[in-house]
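This report describes the fold of one protein chain and then turns to selected residues.

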Amino acid sequence: MTFPPSAERVIAMFHSAGIEPKVRWRSVVAQTIRGIVASGRAYSVTNVWPGIESLYTGAQVALVPIEDKLPENRLVAAVPPGVRRPRRVEEVISVARELTREAD
């Protein structure tokens with residue numbers, strides 16, 4: 001099973017609630033998102049992994065959990081395309097896949 005990228009998932013979440021979001025900016029850089037929100041220029045709907053909340057402490061940003069009916073992202077391996085991956089990277093990906101299968 002594959003899931004769409006985060007931006008598509010967030011927009012789908014709004015659409016499922018009958019809302020057409022007005023997207024002004026997009027960023028995949030957490031520091032950029034945090035800075036724009038902290039400056040009061042915008043709000044954001046983004047993925048925040050467990051344990052990362054501490055990065056937002058003192059940043060004038062409130063994290064508010066949202067629950068939707070879309071499937072949860074469990075794990076993603078980010079690797080550069082077209083580059084030979086070392087054996088240890090392949091092994092980590094293999095173990096992650098196995099753990100994901102066991103969790104289902």
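Of the 104 residues in the protein chain, 12% are buried. The model is a predicted one. The chain exposes about 9100 Å², and carbon and sulfur atoms supply 56% of that area.

**Overall arrangement**

The protein chain contains three helices and zero strands. Read from the N terminus on, its elements follow the order α-α-α. Among the contacts with a separation of 6 or more, 44% are made by residues 24 or more positions apart.

**Helix α1**

Helix α1 spans residues 6-16, and its buried residues are Arg9, Val10, Met13 and Phe14. These four residues lie on the same side of α1 because they cover an arc of only 140 degrees around the axis. After α1 comes Gly18, which has a positive phi, near 80 degrees.

**The loop between α2 and α3**

Helix α2 covers residues 30-38 and helix α3 covers residues 87-103; Ala77 is placed in the loop between them. Ala78 is found in the loop between α2 and α3 as well.

For Ala78 and Ile93, the separation is 15 residues in sequence and 10.0 Å between the C-alpha atoms.

**The salt bridge**

How many salt bridges does the structure hold? There is one. Its partners are Arg85 and Glu90, whose closest N and O atoms are 2.5 Å apart.

**Accessibility of the residues discussed**

Is each of these residues buried, partly exposed or exposed? A residue is exposed when its relative accessible area is over 50%, buried when that value is under 20%, and partly exposed in between.

| Residue | Relative accessible area | Class |
|---|---|---|
| Ala77 | 46% | partly exposed |
| Ala78 | 76% | exposed |
| Arg85 | 34% | partly exposed |
| Glu90 | 32% | partly exposed |

Ala78 therefore counts as exposed, with a value of 76%, whereas Ala77 counts as partly exposed because its value is 46%.

Methods:
Residues numbered from 1 in each chain as written. Predicted model: local features only at pLDDT ≥ 70, side-chain atom pairs only at ≥ 80, totals over all residues. Heavy atoms only, no water. Buried < 20%, exposed > 50% of the residue type's maximum accessible area, 1.4 Å probe, protein only. Helix = DSSP H or I, 4+ residues; strand = E, 2+ residues; numbered from the N terminus. Arc of directions from axis to C-beta. Salt bridge = Lys/Arg side-chain N within 4 Å of Asp/Glu carboxyl O. Contact = heavy atoms within 4.5 Å. Areas by Shrake-Rupley, 256 points an atom, 1.4 Å probe, with all protein chains shown as cover.
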